[in-house]
Amino acid sequence: MKRLLDILYAPLYIAAEIVEIIKEKDKTTPTWLKLLAPVLAVGGLGIFAVLSFLQAFVMTAWFGNPLPVLGFDQSPEQPMHFPHTIHAGVGPLIDEKTGQPYVSPSGDMRVNDDGSPMVGLGMDCTYCHKQVIERPWSGVPPVELCISCHKVIGDSDNEQLTYLRQKGLYEETKSPINWERVHRMPDHVRFNHAPHIWYLTENPDSIQNKPVDFEVLPDGTVNASKVCSTCHGNVAGMEQVAQVQPLKMGQCVACHRANEASVGCETCHH
Amino acid sequence: MVAEKQSKFKWGMAVDIDACNGCQACVIACQSENNIPINTEDNFKDARGIEWIRVERYWEGEFPNVKAKFIPILCMHCDNAPCEPVCPVYASYHTVEGLNVQIYNRCVGTRYCANGCPYLVRFFNYWEPEWPESFQNHLNPDVTVRSRGIMEKCSMCIQRIRRGTRDAKKDKREVVDGDISPACVQACPTDALVFGNQKDPESRINKMKNDKRAYTLLDHLKTNNNVWYLAKVDPDIEAHHGDKHHGEGNHKEDSH
């Protein structure tokens, strides 16, 4: 790295050498050499400026919003299309931004045969992500859980469902699906889902990005599936799951301060 | 110190040396709970082995009339810790609950803290930790795996403390004595190690630290340790000196 920088800054070094020569024998120096020195120096400084700019860009991109830099991918390709829209979505599946029905990653529109938008099942998040209430991680369900419904539900000629049934139904081809992880904390952060869900279900005022079907139960709590959107955004409206929040430390600390939770370093870093 | 008054916890540990038989169960428990890399013989020869808790052994007398004494040494979690002010990046951190913990992602590996520590309980990762393939799924997911170039130390199993306080909060009850135990305390077969909340007047640790046998290591350094030791009761000495108990001084003499 140092070697590379030496080569890049070479014009600066040469300019400095020329200045030394000019100082030593001022009268005998040819005019072209006197003119060359500032040109080289400006060139060297220019390279330095460009490098600084590039470095600043990379740093802000990394520390700011989650841009796909340095291997950070917001919305990775999954081995098969699992549409959260159909399963967890509520009511007609219409994209809030465009006003049109959702489009699957393969390009199909989520419409019925008569052209009306499909209607989401409105399944509870914790039907599949069961462990999230009790465990640090939310977990992905085994293929068997998918198969418990899709043994009979869904078209037999659907490409994605055929893949799913191969993975989960037939003994010869049974194997887990290698889902790509979307939300990943750094190795030095210990995040535990369960206490956050306990707290938010009992304190609905702290929930942000409330889902469309948000409702507070008579005893002042909410269902566990209504709190996820605080950090994960509107997953029910995602054909392919993406990370929408930066999930950086500042966000954690701001929320912990607002809710009077512990903010010591040892809370997450141990 | 102001912050400490706000918390209702101040953790501490008491070690009854009379009960310790040097079985090293605490060492093994700590090793597996906290993802400590496996030490080889060469590591110890270089004085670079990592043991958050170690059992020091002292011999007394001449063969065949020898007596072995064991002292488990772990981080003292000093209130006046020599390791904390020397850290240039504030990686050595004192929590509001009176624990001295290392923030691994802040640490840059200057090793000033280990040089400042009089108890030699801070350990530097000179190598990237490696486990055999069969161990990969045995690592504790609640504890960070420390990489090369950073300092690590006993955290009194902060992950277990947090789990205990969290469960109590979920059940809407107070943390009671014995709810939380670090791995070493849980593993000790003779209950020589006792962990508890010093602000709870009924806790076992409070009774033990007020015992007449209680002392802290290197008391003259005034580091205000939160780990107390209960001196060994030697029946031979007791017979000669009546009920006079012996404290720290005798242990230091025996140590060489």
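Q: Where do K45(B) and E41(B) lie?
A: Both are in helix 3 (residues 41-45) of chain B, four residues apart, about one turn of the helix. Helices here are DSSP runs of H or I, at least four residues, and strands are runs of E, at least two, numbered from the N terminus. This is a predicted model: local features need pLDDT of at least 70, side-chain atom pairs need pLDDT 80 or more, and totals for chains, interfaces and linings use all residues. Residues count from 1 along each chain as its sequence is written, chains are lettered from A and ligands numbered from 1 in the order written, and side-chain values use heavy atoms, without hydrogens or water.

Q: What do the side chains of K45(B) and E41(B) meet in?
A: A salt bridge, 3.8 Å from N to O. The term means a side-chain nitrogen of Lys or Arg within 4 Å of a carboxyl oxygen of Asp or Glu. An α-helix has 3.6 residues a turn, so residues three or four places apart point the same way.

Q: Is K45(B) buried or exposed?
A: Exposed, with a relative accessible area of 63%. E41(B) is exposed too, at 59%. The cut-offs: buried is under 20% relative accessible area, exposed is over 50%, partly exposed is in between (1.4 Å probe, protein chains only).

Q: How many salt bridges over all chains?
A: The count is 18. One of them pairs E239(A) with R110(A), at 2.9 Å, N to O.

Q: Which parts of the chain does that pair link?
A: Distant ones, 129 residues apart. E239(A) sits in the loop between helix 9 (229-232) and helix 10 (249-258) of chain A. R110(A) sits in the loop between strand 1 (90-92) and strand 2 (119-121) of chain A. Both residues are buried.

Q: Back to chain B. What about D171(B) and R173(B)?
A: Their side chains form a salt bridge, 3.8 Å from N to O. D171(B) is partly exposed at 46% relative accessible area. R173(B) is partly exposed at 37%. Elsewhere, D16(B), D211(B) and R213(B) are joined into one network by salt bridges that share partners.

Q: New topic: the interface. How many residues does the contact take from each chain?
A: It takes 15 residues from chain A and 18 residues from chain B. Contact means heavy atoms within 4.5 Å.

Q: What area is buried between chain A and chain B?
A: About 1500 Å², with carbon and sulfur atoms giving 59%. That is the accessible area (1.4 Å probe) that two parts lose on being put together, summed over both.

Q: How many salt bridges between chain A and chain B?
A: Two. One of them joins E134(A) and K170(B), the closest N and O atoms being 3.8 Å apart.

Q: Now helix 7 of chain A. Which residues are buried?
A: In residues 159-168, these are L161(A), L164(A), R165(A), K167(A) and G168(A). They fall within an arc of 160° seen down the axis, so they line one face of the helix. The arc is that of the directions from the helix axis to the C-beta atoms.

Q: What do they pack against?
A: Helix 6 (143-150) of chain A.

Q: And L33(A), buried or exposed?
A: Buried, with a relative accessible area of 14%. L33(A) is in helix 3 (residues 31-63) of chain A. Leaving aside neighbours within four places in sequence, L33(A) is in contact with I18(A) and I22(A).
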